[in-house]
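Visitor: I would like to go through this model with you, one part at a time. Could you show it first?

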Amino acid sequence: MITIVNYGMGNLGSVFNMFKRIGVEAQIVDRPEDLLSARKILLPGVGAFDNAMKRINEGGFFEVLNNKALVEKVPVLGICLGMQLLTRGSEEGTLPGLGWIPADTIRFPYQNGLKVPHMGWNLVHPSSPSLITLNLPEDPKFYFVHSYKVHVDNESDSILKCHYGIDFDAAVQHDNIFGAQFHPEKSHKYGMRLLENFARI
Amino acid sequence: MLKTRIIPALLLRDVSLVKTVKFRKPSYIGDPINTVRIFNELEVDELIFLDIEATMKNRKPNLRILNEIANECFMPLAYGGGISDFETACDIFKIGFEKVVLNAAFHTHPKVIEQIARHFGNQAVVASVDVKKNFWGNYEVFTHSGSKNSKKNPVEWCKQLEEMGAGEILLTSIDKEGTWSGFDVELTRKVSEAVGIPLIAHGGAGSKDHITQIVHEGKASAVALGSIVVYQQKGMGVLVNFPCNNLLT
C-alpha cells in the first residue's frame, strides 16, 4: 500500500490512476494522522515551493513526515516539486525545505536561448544504481516540467542525469529517500516501471 | 536532448470529438474515450483537448468526460474551453490534467489567470491565441472560437500573455486550421522570437515535412496536430493515427 500525501498541491488524480493501472494499492490521505500507519509514502507536488512548504507546515504534516522519513525510515518518493521539497531549500522561495537529502534547488540558468521551464520529454541516463531505476525500458525518457533543478552535494546521491543546456539530477536517492524531477505518472511505460519498482521496495 | 513535442489537439463538442476547417463546419470524428485509448497505446507525447463551444454557449467543461479521459491516459493532458473562474480550473487539475488552456479569460479575467498561475505555477497555464489575417494582410487575434475580433496584434499580445502568467502559448492560425496546407511559418516565427516561453504551433499540418519546417523555420517549441491524426488523408475517412513518433529528436 502506497500512501499519497494530499497536502493541497499536486496531481493526485494522475498518480492514483497510474497505480491503479499497474495494480498497486494506493490511498490518498489528507490528514497528518492518516500518515501514522503509512509503510511507503509518495509526496507529489506541483506549483510554488513556499506555497507547498507552507501547506506542509501549517497542515501539521511536517512532524509526522519527518518521523516517517528519518526515524521509521519508510521509503519516500517525491515527484517534481515533491523532489525539490526534499532538499534544504530552493531559490524559488525563502522557506526551508524538508532537508532529507543534502542538496539545493536552484533556478535553471538562462543561456543559449533555452526556454525555461524545461518542458517535454527528455532522455535520462543512470548515474548511480538504484532500486527504482531497475530494468527501465531502452532509451528511457520521461516527461519534465520545471524551472528549478536539484543539485546534490554528493554525486552518489544522483541516480539519473538529464541534459538541458547543462547536466542536472533528474532522479536522486539518499538512503530511503527517493526523488524524481520528472512526472512518472505522465510518462507511459517508463513511468509505470519506475512506480512499479518503488512499489516493490 | 529534449524532444520536440508533437501533440494531437482534439476538439470536443461537449461529449463528441469533432474536426473543423478554418474553425467552421465541425465534422463528427468519434467517441473521445475510444480515441484517447488509441493515442495512449501509440504513446503520444501529450494531448490537448479543446471544447470549441463551451465558451460560446457559456457552458462549464464536461468534467465527466475529462475524468474518463484522465483514467485512460498516462501522458500530459491539457484542457481548454469554458474556464473563466479559479474553481473550474481547480476541478480540472484535480481530475489529473496538468494544464489548463485559456483564451477569452486572458482578455476578460486576468485576475483569475494570475490566481491560477500563482497557485499551480505558470507551467500549468497555456494561453491559446487564435489568429487570422485581415483584408490588408495584418494578423489579428480572435476569441470565442474565431467569432470575436479583439483587434490585437498577436506578437504584442503574446508578450503581454507571458507577463500575465502564461507558461506556454498555443498559437493557432485560423486561416490554416484543417486545410492540410502547412503551418503559418511567418506568424509562428514572429511570435516565437518575441517570447521566452514555449510556443506550440497549430493549424495546417498536412505532412511530416510541414512539421519539421515549422520547428526549424518557424522556431516552434512544439507542434499541435489536428486533421492529420484523425483522418486517413485529406478528404478521406476517419482514422485515428500518429505518423510522427520519433520524427523529431
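**Core, interface and helices**

Guide: Please note at the outset that this is a predicted model.

Visitor: Which residues touch the most other members of the largest nonpolar core?

Guide: That core has 145 residues, and those with the most contacts to other members are B:Ile7, B:Leu47, B:Ile48, B:Val100, B:Ile169, B:Ile200 and B:Val223. Strand E1 of chain B, residues 5-13, gives the most to this core, with six residues.

Visitor: What does E1(B) pair with over four bridges?

Guide: Its partner is E12(B), and the two strands pair in the parallel sense. B:Arg5 has B:Ala222 of E12(B) as its bridge partner.

Visitor: And how many bridges join E11 of chain B to E12(B)?

Guide: Three bridges join them, and strand E11, residues 199-202, runs parallel to E12(B). Here B:Ile200 stands opposite B:Ala222.

Visitor: Let us change topic. How many residues does each chain bring to the contact?

Guide: Chain B brings 26 residues and chain A brings 24 residues. On the side of chain B that touches chain A, the elements giving two or more residues are helix H2 (63-72), helix H3 (86-95) and helix H5 (110-120). The residues of that side divide into 12 nonpolar, eight polar and six charged.

Visitor: Staying with H5(B), which of its residues are buried?

Guide: They are B:Ile113, B:Ile116 and B:Phe120. Seen down the helix axis, the buried residues of H5(B) fall within an arc of 65°, so they line one face of the helix. In general, an α-helix has 3.6 residues a turn, so residues three or four places apart point the same way.

Visitor: What do those buried residues of H5(B) pack against?

Guide: They pack against H3, strand E6 (99-102), helix H4 (104-108), strand E7 (125-133) and helix H6 (154-164) of chain B. H5(B) is followed by B:Gly121, whose phi is positive, near 95°.

Visitor: Now chain A. What is its secondary structure?

Guide: Chain A has five helices and 11 strands. Of its 201 residues, 53% count as buried. Among contacts in chain A between residues at least 6 apart in sequence, 71% join residues at least 24 apart.

Visitor: What is the radius of gyration of chain A?

Guide: The value is 15 Å; a compact globule with 201 residues would have one near 17 Å, so chain A agrees with that expectation. Its C-alpha atoms fill a box of roughly 50 × 40 × 30 Å, taken along the principal axes.

Visitor: How many residues of helix H1 in chain A are buried?

Guide: Eight of its 10 residues are buried, and the helix, residues 12-21, is mostly covered. Among the buried ones are A:Leu12, A:Val15, A:Phe16, A:Met18 and A:Phe19.

Visitor: What covers the buried residues of H1(A)?

Guide: The cover includes strand E1 (2-5), strand E2 (26-29), strand E3 (41-43) and helix H5 (188-200) of chain A, together with H2 and H3 of chain B. Just after H1(A), A:Gly23 takes a positive phi of about 75°.

How values were computed: Residues are numbered from 1 along each chain as its sequence is written. Chains are lettered from A and ligands numbered from 1 in the order in which they are written. This is a predicted model: local features need pLDDT of at least 70, side-chain atom pairs count only at pLDDT 80 or more; totals for chains, interfaces and linings use all residues. A nonpolar core is a set of buried Ala, Val, Leu, Ile, Met, Phe, Trp, Tyr and Cys residues joined through C-beta atoms within 7 Å. A residue is buried if 20 or more other C-beta atoms lie within 10 Å of its own, exposed if 12 or fewer, and partly exposed in between; C-beta atoms are placed from the backbone. The radius of gyration is taken over C-alpha atoms; the globule rule is 2.2 Å times the number of residues to the power 0.38. Two residues are in contact if their C-beta atoms, placed from the backbone, lie within 7 Å. Ala, Val, Leu, Ile, Met, Phe, Trp, Tyr, Cys and Pro count as nonpolar, Asp, Glu, Lys and Arg as charged, and the others, Gly among them, as polar. The arc is that of the directions from the helix axis to the C-beta atoms. Two strands pair if DSSP finds at least two bridges between them.
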